[in-house]
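Biologist: I have a structure open and want to learn how to read it. Can you take me through the strands and the core?

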Amino acid sequence: DGQAVADALGRMTRGLVAGGHVGGLVLTGGDTASAACAALGGSALWLRGETQPGIAWGVLLGGVLPGLPVVTKAGGFGADEALAVAIGRLEGWKAG
């Protein structure tokens, strides 16, 4: 079922973040984003803006990596370049 898949992806995200090599996340699909944030122990995302219309970015509040930059995108939403733009935003966050 969809929730079981989202929960498994959340656990995988926590494992990757625990390895210490993650500077930000691009999360697609609301259930996946919610499960990943929950697995990281985050209490919320503090939304700071959009990478493109309807594609939000912000930072994780609380949890194992507070302040982690996160982009959230609906699974079937966005232009062809939406993921590349989201990654660019995260790279800009690290540089800035």
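Biologist: Which residue in β4 is the bridge partner of glycine 58?

Modeller: Strands of a sheet pair through backbone hydrogen bonds, either parallel or antiparallel. Here the model is predicted. In it, glycine 58 has valine 70 of β4 as its bridge partner. The strands β3 and β4 pair in the antiparallel sense, over four bridges. Their hairpin has six residues between the strands, and glycine 63 there takes a positive phi near 80°.

Biologist: How many bridges join β1 to β4, and do the strands run parallel or antiparallel?

Modeller: Four bridges, and the two strands run parallel. Take two positions. Leucine 27 stands opposite threonine 72 in β4. Threonine 28 has lysine 73 of β4 as its bridge partner.

Biologist: What is the strand order of the whole sheet?

Modeller: The order is β1-β4-β3-β2, in an open sheet of four strands with mixed pairing. The edge strands are β1 and β2 (42-52), and each pairs on one side only. On average, neighbouring strands are turned by 30° against each other, direction ignored.

Biologist: Now the faces. Which residues of β4 lie on each side?

Modeller: In a regular strand the side chains alternate between the two faces of the sheet. In β4, Pro69, Val71 and Lys73 are on one side, while Val70 and Thr72 are on the other. Both faces are covered. Five of the five residues in β4 are buried.

Biologist: Which strands does α2 lie across?

Modeller: α2 lies across β1, β2, β3 and β4, and runs at about 135° to β1. Alanine 33 touches Leu27 and Thr72, leaving aside residues up to four places away in sequence.

Biologist: Which residues make up the largest nonpolar core?

Modeller: In soluble globular proteins, nonpolar side chains tend to be buried together. The largest nonpolar core here has ten residues: Val17, Leu25, Leu27, Ala33, Ala36, Cys37, Leu40, Leu60, Leu68 and Val70. The elements giving two or more residues to this core are β1 and α2. α2 gives the most, with three residues. Apart from this core lies another, of six residues, including Trp57, Val71, Ala82 and Ala86.

Biologist: How many aromatic pairs does a search of the whole structure find?

Modeller: A pair of aromatic rings is described by the distance of the centres and the angle of the planes. The search finds zero such pairs. Look instead for charges over rings. The charged end of arginine 48 sits over the ring of tryptophan 46, 4.2 Å from its centre. Arginine 89 lies over the face of tryptophan 57, at 3.9 Å from the ring centre.

Technical notes. Residues numbered from 1 in each chain as written. Predicted model: local features only at pLDDT ≥ 70, side-chain atom pairs only at ≥ 80, totals over all residues. Heavy atoms only, no water. Core = buried A, V, L, I, M, F, W, Y, C linked by side-chain atoms within 4.5 Å. Buried < 20%, exposed > 50% of the residue type's maximum accessible area, 1.4 Å probe, protein only. Contact = heavy atoms within 4.5 Å. Phe/Tyr/Trp six-rings, centres within 6.5 Å; stacked < 30°, edge-to-face > 60°. Lys NZ or Arg CZ within 6 Å of the ring centre and 35° of its normal. Pairing = 2+ DSSP bridges. Axes fitted to C-alpha atoms, helices over the stretch in contact; angles between N-to-C directions.
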